[in-house]
Amino acid sequence: MARVHRVVVLAVDGVYPFELGIPSRVFGAAGGRYEVLTCTVDGRPVRANADFSIAVEHGPEALRTADTVVIPPFVTSPIPQEVPAAVVAALAAVAPGTRIVSICTGAFVLAAAGLLDGRPATTHWVVADLFRDWFPQVALDPDVLFIDDGDVVTSAGAASGLDVCLHLVRKDHGSEVANRVARMCVVPPWRDGGQAQYIEQPVPETTANGTAAARQWALENLHQPLTLADLAKHSHMSLRTFARRFNEEVGMSPGRWLIQQRLARARHLLESTDLPVDEIAGQVGFAADTSLRQHLHAAIGVSPLAYRRTFRGVLSPNS
């Protein structure tokens, strides 16, 4: 049996309770593949960003045993540019090569400790300007949900903590396990890390003339060469009205959304089957395997062959 992967969550003063609980909820639903411990820098309770304090079972010694360390967000007034010495000392005990993950303002801790120097990172868009002023040596991208830079992974605010933890489960164990975890947590199984943190438009009023039915129909027919006209016709809207409504509800164009859904389905098939790449391309609606290869490389920077190798460790002869 494979060794259980230990995730240690470091709670600091002002921690947000919701995000503090995300690692335990997500990794804990992965069928015993992870062990999640929560610690503080001194083993004592910390105050939450709420009207209560949180007592934990572990002190900083837990960090030395971690395979993955998660730093949830916290709030202070103001956010400290210098990390408290106790936090720096605790992070210094983390073994080299340990995967370190931040959620929201947790990136401030990593940056102040020098762990993001010269690396790409993200944080909550509200504090992006402050982060950029304080840490110009970090390649900040405030427009994405999360950034996976190998042994350091940073994510944006609140629900993106769910996205990044599911991403790590998927990276560690493949889409079948991640999908089961998502179902247990009743959350979407996958949102691309490059998706925008927020939608500029106001949330549209609920009407019977939304695009949800067309999106569901598209997901059931991804193998077809779907067009904007097809989707608009299914929604009984003009092209212009459908495109506007779709962008209001989803935050991107129908064409971009379709490509994302085709890639998501293709990635699932690459992870869970031995189907040749050209057959996968046909099943998800790409005109040819070259189109799948181009879109996959543009999205995540790898070929289907490399992607399958990462998740399966074995190669199909026709991959």
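1. Glu271 counts as buried, at 9% relative accessibility, and this is a predicted model, so read the number that way. Its salt-bridge partner is Arg170, with the closest N and O atoms 3.0 Å apart. Arg170 sits in helix α5 and Glu271 in helix α10 (residues 254-272), so the pair ties together parts that are 101 residues apart in sequence. Arg170 counts as buried too, at 7% relative accessibility.

2. Next, Arg119 and Asp151 form a salt bridge, with closest N and O atoms at 2.6 Å. Each lies in a loop, Arg119 between α3 (106-112) and β7 (120-121), Asp151 between β9 (146-148) and β10 (152-155), so parts 32 residues apart in sequence get tied together. Asp151 is partly exposed, at 33%.

3. Over the whole structure, the search finds 13 salt bridges. There is also a salt-bridge network linking Arg215, Arg244, Arg245, Glu248 and Glu249.

4. On the nonpolar side, the largest core has 34 residues, and Val26, Phe27, Ile54, Val169 and Val181 have the most contacts inside it. Elements giving it two or more residues include β1 (5-10), α1 (17-27) and α6 (175-185), but α5 gives the most, with six.

5. Leaving out close sequence neighbours (up to four places away), Phe27 touches Val7, Tyr34, Val36, Cys165, Leu168 and Val169. A second, separate core has 32 residues, among them Cys39, Ala90, Ile100 and Leu110.

Technical notes: Residues numbered from 1 in each chain as written. Predicted model: local features only at pLDDT ≥ 70, side-chain atom pairs only at ≥ 80, totals over all residues. Heavy atoms only, no water. Core = buried A, V, L, I, M, F, W, Y, C linked by side-chain atoms within 4.5 Å. Buried < 20%, exposed > 50% of the residue type's maximum accessible area, 1.4 Å probe, protein only. Helix = DSSP H or I, 4+ residues; strand = E, 2+ residues; numbered from the N terminus. Contact = heavy atoms within 4.5 Å. Salt bridge = Lys/Arg side-chain N within 4 Å of Asp/Glu carboxyl O.
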